[in-house]
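Hello,

Here is the structure I promised to pass on. Have a look at it first, and my notes follow below.

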Amino acid sequence: MIKVAIWGYGTVGSGVFEVLRKNSAVIENKLGDTIEVKYVLDLRDFEDDPVKEVLVHDVEEILSDPEVAVICETMGGENPAYTFTKRALESGKSVCTSNKELVEKHGPELLQIAKAHNCSYLFEASVGGGIPIIRPLRTSLAQEEIQSITGILNGTTNYILTKMETEGLAFESVLKRAQEKGYAEKNPDADILGFDACRKIAILTSLAYGKNVNYTDILTEGITAITNKDFAYARKLGATIKLFAKSVKKGEKYYALVAPFLVKPENPLYAVNGVYNAILVNGNMGGETMYYGKGAGKLATASAVVSDVLDCARHFGKHLNVKWDEEKLEISPIDGAVRKFFVRASTTDMAQVEAVFGEVELITGVADNECGFVTAEMTEAEYREKAAKMGNIIGMIRVD
């Protein structure tokens, strides 16, 4: 019998408790052993919940118990999760987490501590909720040189953009609906400004190349500037708009960004709608593989945490290696990245547009006193120079 503890009985923690209880027979059949939740740590009491039988308020009860082999850290935030996790690993207890903030900030350090104490630090649920992506990067794609990762990594923003497109609603109206449905937090900035997706692509890029990516080095733009007019232009092009988190290896350079992109139907991510997430990974040998599913939610995320628990149980007493060194991976300035750009300008003078941008694909009949066009391929630096020269740009969306 493998005995585990859960830290935090919020949305994900209660989901982990539920998955381990409801799927206990399935887990025993596949694992060949049983998993018992010995403790759940939370400051609150839950009188009408079966968790009360194993609820504790003091982390020391868990850290000092030699029977506890695996801990599910579902507290969220940096502290006290960091301190508790470090102490658990130093005592030889494996930790499985859904905490993307902790993983992004301290992943390499915690992995080294786990290695030194012959236990594991696993974090499948930290990116993409219930979508398996960490383990494929660590195992199934270990033989590949990863050339690019492109993901829809935030269900809140994908839901908002989908509703803006399909129902013609304004951004503020859809955001309010998302908050009412529980898809968006009361303070939605981490989602709508792109920071949540940024942390996730930082983790994936670190795992893809084995060196540490600081999310503050990644250019990040959210969706707050996207309007219904942008979608009207996109429809004219047979395209949609998605918030992409993207990293690309070009020769010896690495680029990464989070930003809205104009996406055509030939891109597999075009049809990913609502709260769903998807990740497209391009390897130099196997080509493209895609991972799709619920990017958040109680049971989907909890299921990913439990998958790591089973991995630890199968390799009890061993360290499951995750290649992620503390050495920094240098993210090149976005200036050199090459792509097309969709541009809106407050002019109908095509001579002016072509004098600055050269030959463009013009989109007409959408709005008065402005035009939309798609540029030829150019670097980000070249686009900014031309946009400054033209001077009457309303907005820009990159084209994937």
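Before going on, a word on the source. This is a predicted model, in which local features need pLDDT of at least 70 and side-chain atom pairs count only at pLDDT 80 or more, while totals for chains, interfaces and linings use all residues. Residues are numbered from 1 along each chain as its sequence is written, and side-chain values use heavy atoms, with hydrogens and water left out.

Now the rings. The structure holds 13 aromatic pairs; rings of Phe, Tyr and Trp (its six-membered ring) pair if their centres lie within 6.5 Å, and planes under 30 degrees apart count as stacked, over 60 as edge-to-face and the rest as tilted. One of the pairs joins Tyr276 and Tyr292: the ring centres are 5.2 Å apart and the planes stand at 10 degrees, so this pair is stacked. Tyr276 sits in strand S11 (residues 276-283) and Tyr292 in strand S12 (residues 287-294), 16 residues apart. Strands (E, at least two residues) and helices (H or I, at least four) are DSSP runs, numbered from the N terminus. Tyr292 is partly exposed too, with 47% relative accessibility.

Another pair, Phe357 with Tyr383, is tilted, at 6.1 Å centre to centre and 35 degrees between the planes. Phe357 belongs to helix H13 and Tyr383 to helix H14, so the pair ties together parts that are 26 residues apart in sequence. Both Phe357 and Tyr383 are buried. Ring pairs also link Phe341, Phe357, Phe373 and Tyr383 into a cluster.

The two helices are worth a look themselves. H13 (residues 350-357) and H14 (residues 380-390) pack at an angle of about 145 degrees with their axes 9 Å apart; the axes are lines fitted to C-alpha atoms over the stretch in contact, and angles run from 0 to 180 degrees between N-to-C directions. The crossing of H13 over H14 is right-handed, that is, the near helix is turned clockwise from the far one by less than a right angle. From H13, the contact (heavy atoms within 4.5 Å) uses Gln352, Val353, Val356 and Phe357, and from H14 it uses Tyr383, Lys386, Ala387, Lys389 and Met390.

There are charges over rings as well, meaning NZ of Lys or CZ of Arg within 6 Å of the ring centre and within 35 degrees of the ring normal. The charged end of Arg199 sits over the ring of Tyr215, 4.1 Å from its centre, and Lys246 lies over the face of Phe261, at 5.6 Å from the ring centre.

Finally, two single residues. Thr205 is in helix H10 (residues 195-209) and is buried, at 1% relative accessibility. Leaving aside neighbours within four places in sequence, Thr205 is in contact with Ile149, Val213, Ser247 and Leu329. Ile394, in strand S17 (residues 393-399), is partly exposed at 43% relative accessibility. Not counting residues up to four places away in sequence, Ile394 touches Arg344, Ala345, Ser346 and Glu370.

Best wishes

Definitions and conventions. Buried < 20%, exposed > 50% of the residue type's maximum accessible area, 1.4 Å probe, protein only.
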